[in-house]
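Dear colleague,

Please find the structure we spoke about below, with its sequence. My notes on it follow directly after.

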Amino acid sequence: MEWDAKQYNTTHDFVFKYGASLLTLLPQKIKTVLDIGCGTGELTNQIAQLGHKVTGIDQSINMINQAKKSHPNLNFLQEDILNPSDQLEMYDIAFSNAVFHWIPDQELLLKNISELLNENGQLICEFGAMGNVQSIRQAFGRELNGLGLVFEEPFCFTSVEDYRVLLEKNHFDVVEILEYERPTPLKGGRVGLRSWMEQFYSTELGNLSEEQKERVLKNLERDLTPRLWKDDHWEADYRRLRIKAVKL
Ligand code: BEZ
């Protein structure tokens, strides 16, 4: 999927706004930081403002171009963390917000991160936990089933227990691993839910005819209103895993 960097920075800006609290896990001492999946570079910039020497990487060239435009003094590279090039150096900290659930091969992800970290390097990250946006995903699954289709979750939303095992298997010592609910208001009033669906489940919606898509979105809005509509906006039932781990 190619990202629309402008829409990310306006309609879906909660992605990095919520990530700001993750910055509190960064050490006070100046470090070299790799910001994995930096998007338009908003958090990369905040990391730099804390004094760290940061490089932002993203697979999406649209995001990297926007990041360079918005923050010309910072270092951004188009890179795939699953296939890093030798432009990348060694870092004290691998930081990542709202990215890991997009990556199917978590073993390779952690292996590559470990290889890019200095001795005692830290991984500080947050992403969707098991049960993330559960009511939206369940309702969407029901709608697709009603059309004779199977909903295959494209995202990797994992549990504390499973991720702890994975980290330890990949030679990380877990300092902190926290699972928490983070109800997230969506922008756009009534159209907020469909605009969120069109951003995050564009492939699945793209497999439907225009008529089917419209019916699915209308039914989702109807079925999710009692649970997720809050006076004048939708509130998505996000759940997060927040992790601090040290390379052994
Ligand atoms: C999330 O950031 O939690 C998310 C991303 C894509 C789909 C659903 C949720």
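The notes below cover the ligand, a pocket and a record annotation.

This is a predicted model, in which local features need pLDDT of at least 70 and side-chain atom pairs count only at pLDDT 80 or more, while totals for chains, interfaces and linings use all residues. Residues are numbered from 1 along each chain as its sequence is written, and side-chain values use heavy atoms, with hydrogens and water left out.

An oxygen atom of the ligand lies 2.6 Å from an N or O atom in the side chain of Arg240, and for Asn132 the corresponding distance from a ligand oxygen is 2.7 Å. Taken alone the ligand exposes 260 Å², of which the protein buries 98% (Shrake-Rupley method, 1.4 Å probe).

The second largest pocket holds about 170 Å³ of space, and among its 13 lining residues Glu181, Pro183, Arg227, Leu228 and Asp237 are the closest to its centre. (A pocket is an open set of points on a 1 Å grid where a 1.4 Å probe fits, with protein on both sides within 12 Å along at least five of seven lines; lining residues have an atom within 4 Å of a point. Its volume is the space filled by probe spheres set on the points, which are joined across faces, edges and corners.) Strand S8 (233-247) contributes to this lining too, with the largest share, five residues.

Finally, UniProt, in an unreviewed entry, places the feature "domain: Methyltransferase" at residues 31-125, although such annotations may be inferred rather than shown by experiment.

With best wishes

Methods
Helices (H or I, at least four residues) and strands (E, at least two) are DSSP runs, numbered from the N terminus. A polar contact is a pair of N or O atoms within 3.5 Å; within protein, one must be able to donate a hydrogen and the other to accept it, and residues adjacent in sequence count only if both atoms are side-chain atoms.
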